[in-house]
Protein chains: 2
Amino acid sequence: MEVQLQIKMNEKLFLRNPEQTELGKKIIRHSIQLIYKNGFELFTFKKLAEDIGTTEAGIYRYFENKHRLLIYITTWYWGWLQYCVVFNTNNIKDPAVKLKKVIHLLATTVVDDDKTIHINEALLHQIIIAEGSKAYLTKHVTEDNKEQLFKPYKDLCAVIAEIILEYNPQYKYPRSLASTIVEMAHFQNFFMTHLPSLTDFGKSKDELKVALFLEDLVFSSIRKK
Amino acid sequence: MEVQLQIKMNEKLFLRNPEQTELGKKIIRHSIQLIYKNGFELFTFKKLAEDIGTTEAGIYRYFENKHRLLIYITTWYWGWLQYCVVFNTNNIKDPAVKLKKVIHLLATTVVDDDKTIHINEALLHQIIIAEGSKAYLTKHVTEDNKEQLFKPYKDLCAVIAEIILEYNPQYKYPRSLASTIVEMAHFQNFFMTHLPSLTDFGKSKDELKVALFLEDLVFSSIRKK
DNA sequence: TTTTAAAAGATAGTATTACTATCTAGCTAA
DNA sequence: TTAGCTAGATAGTAATACTATCTTTTAAAA
């Protein structure tokens with residue numbers, strides 16, 4: 001049996017739904033490759049169009065600008081990750097085990113999932129690490145947030161915060177700890193690779209150690225005292 | 001007695017030392033105001049030149065491009081913060097007290113320091129919160145890092161990691177915890193203001209609570225078990 | 001089978017950005 | 001007195017970030 005996974009995206013993110021046409025899917029697939037390769041600053045719709053074999057104007061029919069496209073692919077990732085979290089923690093009773101699963105899902109390399117043919121999750125994971133925060137670090141966060149553009153990110157954090165409270169209903173900072181876990185899972189990975197002296201894993205460059213650091217951080221904090 | 005504070009900057013950051021001329025100091029002062037006001041993406045040398053009353057070409061004599069200028073002002077901030085940390089923890093024996101001081105220095109609003117006339121530290125603090133990570137989240141981090149551009153940031157983290165080890169020499173992740181404190185001091189502040197559901201301080205919008213969260217996080221982790 | 005409407009391709013054009021180059025004027029320190 | 005540095009003025013270019021319009025292809029409804 002073949003299962004296909006569809007993440008429902010906020011309609012305000014695009015002008016024309018890229019999931020519904022061949023060109024749309026190409027835009028997503030190739031933009032992931034190009035942003036991964038060049039970084040978001042050097043990524044342009046012109047280059048993307050050349051890469052695909054279409055025109056700049058063609059891309060603009062789908063996305064207002066490259067920043068909206070960045071939000072599109074990052075929030076797609078958060079939506080997908082939440083699906084992974086829910087799927088992988090299903091039927092697990094112990095919140096400690098659940099939390100460990102979540103930390104590992106966040107911090108360790110993603111394998112490309114065949115359930116989504118036109119999206120390479122492994123590349124996307126790298127994009128989240130290097131470019132993810134640029135989605136919201138702008139002068140127009142507030143307006144973007146009013147349009148609910150960051151909902152999948154906030155939902156994922158809410159799910160994690162819930163598990164934290166399951167473990168210890170008295171813990172005072174479940175949301176902040178959840179966003180700390182998510183951000184640090186990626187920043188520590190970036191630091192490990194590019195600014196290794198900011199971490200304790202510079203030599204081994206082992207993602208698993210990032211996960212162990214986060215486990216230690218989280219469980220020390222939420223342990224009932 | 002009047003004391004003037006000078007932060008020694010990496011010479012690779014500029015083409016002409018902005019500290020040494022009137023125009024140079026104006027470039028720093030006005031770029032801080034403009035980046036604060038428009039955000040880094042909408043900030044251009046043209047606007048800066050108009051704001052100062054000079055020409056674009058004049059700015060390019062000091063800085064290669066706007067990204068170098070961003071690194072200049074962010075690393076200035078890290079250098080200045082390290083001075084603040086060393087100054088404020090001087091003569092304190094207890095590493096726990098020192099760590100609390102550091103956390104509060106990082107997380108709470110900075111007051112404009114008269115020791116540096118042409119730099120407004122309060123604005124700079126806001127720039128660090130919203131734009132700081134863009135200094136290193138680029139495709140050219142590695143080359144920039146080879147030129148030692150991020151040394152002040154890494155030095156500050158090293159100082160904090162040292163205090164952590166003073167408190168508990170057995171703690172396994174002093175560097176990662178240090179960079180986590182620094183990053184989260186700013187990200188939690190950003191979230192609190194712009195994406196409040198990612199934190200537990202959305203309603204009060206009180207910076208002190210960010211500091212308390214970080215204290216709880218840090219001391220739970222490094223407590224000897 | 002024809003009509004019609006949506007999607008995509010082709011082409012052109014604009015304002016702004018991110019620079020580089022050159023020339024001149026003013027000041028200052030030897 | 002002049003040599004050298006700093007800054008102002010002006011001009012120009014390639015690339016970026018769009019917008020507009022017109023035509024062709026495709027695919028589904030009448």
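Me: Is the crossing in which helix 9 of chain A passes helix 10 of chain A left-handed or right-handed?

Reply: Helix 9 of chain A passes helix 10 of chain A in a right-handed crossing, where right-handed is the term if the near helix is turned clockwise from the far one by less than a right angle, and left-handed if anticlockwise. Helices here are DSSP runs of H or I with at least four residues, numbered from the N terminus. As a caution, this is a predicted model, in which local features need pLDDT of at least 70 and side-chain atom pairs count only at pLDDT 80 or more, while totals for chains, interfaces and linings use all residues. Residues are numbered from 1 along each chain as its sequence is written, and chains are lettered from A and ligands numbered from 1 in the order in which they are written.

Me: At what angle do the axes of helix 9 and helix 10 of chain A cross?

Reply: The axes of helix 9 (residues 174-194) and helix 10 (residues 207-222) of chain A cross at roughly 150° and come within 10 Å, the axes being lines fitted to C-alpha atoms over the stretch in contact, with angles from 0 to 180 degrees between N-to-C directions. That makes helix 9 of chain A roughly antiparallel to helix 10 of chain A; angles over 145 degrees count as roughly antiparallel, under 35 as roughly parallel, 65 to 115 as roughly perpendicular and the rest as oblique.

Me: Which residues make that contact?

Reply: From helix 9 of chain A they include L177(A), I181(A) and M184(A), and from helix 10 of chain A they include V210(A), F213(A) and L214(A); two residues are in contact if their C-beta atoms, placed from the backbone, lie within 7 Å. By class, the contact has nine nonpolar residues, three polar and one charged, with Ala, Val, Leu, Ile, Met, Phe, Trp, Tyr, Cys and Pro counted as nonpolar, Asp, Glu, Lys and Arg as charged, and the others, Gly among them, as polar.

Me: Switching to chain B, how do helix 5 and helix 8 pass each other?

Reply: Helix 5 of chain B passes helix 8 of chain B in a left-handed crossing. Their axes come within 9 Å and cross at roughly 150°, which means that helix 5 of chain B is roughly antiparallel to helix 8 of chain B.

Me: And how many residues of chain B are in contact with chain A?

Reply: 41 residues of chain B are in contact with 41 residues of chain A. Helix 9 of chain B gives the most to that side of chain B, with eleven residues, and by class the side has 16 nonpolar, 15 polar and ten charged residues.

Note on methods. Helix = DSSP H or I, 4+ residues; strand = E, 2+ residues; numbered from the N terminus.
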